[in-house]
Amino acid sequence: MTSYGDFIRSSGRRTAIAAHRGAWRKAPENSIGALEAAISMGCEIMETDVRRSRDGILFHLHDPTLDRMTLASGMAQDLPMSELRKLRLRTRMGGASAPETGQTIPTLDDLLEVAKGRIFLDLDVKHPWLFDDVGACVRRHRMQDQINLKSKLRNPEDLAALKALKASFGTLVMPQIHFCREDADMLFELMARFGPPMVEAKFDFLETLASRASKFRSKGVSVWVNTLEAVACCGLGDSKALLDPESVWGALQNAGISIIQTDEPEALKRYLNSLAIAAE
């Protein structure tokens, strides 16, 4: 498997799919099953959330509480991993009406073992004080070339923090930037001083990114955009994409975006395949 940075920078690659919390329509979010499903459908990246148990074990769960994804309640961090392991995850994205499955809460070690050499991982570390533990775990598995960490970039102080993160862990580090017309050029210059292979972008108007697509390319930076319904910019979300993929996923590609994080990886895969067939 090529390194994450080499993959992102590879010329002529097609749009990469980042499966949000894995392919959770096939298995509980953030589970080993969701990871396996994302790999099976050909997603290049899985996004997943990292927390730490009472006894210091890193595990995967989006919410701070257990209520949505299990039949238990309370703060997940208050339990040791031995207790968290006993809980069964609810199907898909959980909720009160979602039944239990046979899947359990995985540790970061579990997920890395399954993912090694098979898929890239976007680790959403829920608290900055966990970075050291996450970095140590990734190094133990020798997977620095297969994961990315991320942090916001808004000012020179954030730039210094990103540089420190990269120096400490040797992983791909992705700045998260909200580009608006009035400060997009300033933020672009800050990003260029960091020199990442990719940036996670929010935006006020799609044109704010589209008009700078050549600048991103000239710096060797790929742009990652989320079409997750809760955080999609300018109405470019998954629900609209399911009805008219060209108006969302196609519009993003036309604007120079080449990494899309979605809750609908299977539908995005079908769309991208249809484009490839049409181009033959």
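Student: Where does the charged end of R13 sit?

Tutor: The charged end of R13 sits over the ring of F7, 5.5 Å from the ring's centre. The rule is that a charge sits over a ring if NZ of Lys or CZ of Arg is within 6 Å of the ring centre and within 35 degrees of the ring normal. K166 also lies over a ring face, that of F194, at 5.6 Å from the ring centre.

Student: What should I know about the model before we go on?

Tutor: It is a predicted model, in which local features need pLDDT of at least 70 and side-chain atom pairs count only at pLDDT 80 or more, while totals for chains, interfaces and linings use all residues. Residues are numbered from 1 along each chain as its sequence is written, and side-chain values use heavy atoms, with hydrogens and water left out.

Student: How do I read a pair of rings, and how many aromatic pairs are there?

Tutor: A pair of aromatic rings is described by the distance of the centres and the angle of the planes. Rings of Phe, Tyr and Trp (its six-membered ring) pair if their centres lie within 6.5 Å; planes under 30 degrees apart count as stacked, over 60 as edge-to-face and the rest as tilted. By this rule the count is 5 aromatic pairs. In one of them, Y4 and F120 have ring centres 4.5 Å apart and planes at 10°, so the pair is stacked. Y4 lies in helix α1 (residues 4-9) and F120 in strand β6, so this pair ties together parts that are 116 residues apart in sequence. Helices (H or I, at least four residues) and strands (E, at least two) are DSSP runs, numbered from the N terminus.

Student: Are Y4 and F120 buried or exposed?

Tutor: Buried means under 20% relative accessible area, exposed over 50%, and partly exposed in between (1.4 Å probe, protein chains only). Y4 is buried at 1% relative accessibility, and F120 is buried at 4%. Compare this with F179 and F216: their ring centres are 5.7 Å apart and their planes at 90°, so this pair is edge-to-face. F179 lies in strand β8 and F216 in helix α9 (residues 213-218), so the pair ties together parts that are 37 residues apart in sequence. Both F179 and F216 are buried.

Student: Which residues do ring pairs link into a cluster?

Tutor: Y4, F7 and F120 form that cluster.

Student: Now for charges. What is a salt bridge, and how many does a search of the whole structure find?

Tutor: Side chains of opposite charge can pair when their charged atoms come close. A salt bridge needs a side-chain nitrogen of Lys or Arg within 4 Å of a carboxyl oxygen of Asp or Glu. The search of the whole structure finds 18 salt bridges. One of them joins the side chains of E266 and K26 (3.3 Å, N to O). E266 lies in helix α12 (residues 265-279) and K26 in the loop between β1 (16-20) and α2 (32-40), so the pair ties together parts that are 240 residues apart in sequence. E266 is partly exposed at 36% relative accessible area, whereas K26 is exposed at 52%.

Student: Which residue meets R118 in a salt bridge?

Tutor: The partner of R118 is E36, at 3.0 Å, N to O. R118 lies in the loop between α4 (108-115) and β6 (120-125) and E36 in helix α2, so the pair ties together parts that are 82 residues apart in sequence. R118 is partly exposed at 40%, and E36 is partly exposed at 31%.

Student: How do I read the rest of helix α2?

Tutor: Start with a general idea: an α-helix has 3.6 residues a turn, so residues three or four places apart point the same way. The buried residues of α2 are G33, A34, L35, A37, A38 and I39. What covers them includes β1, β2, β5 (100-104), α4 and β6, where contact means heavy atoms within 4.5 Å. Just after α2, G42 takes a positive phi of about 90°.
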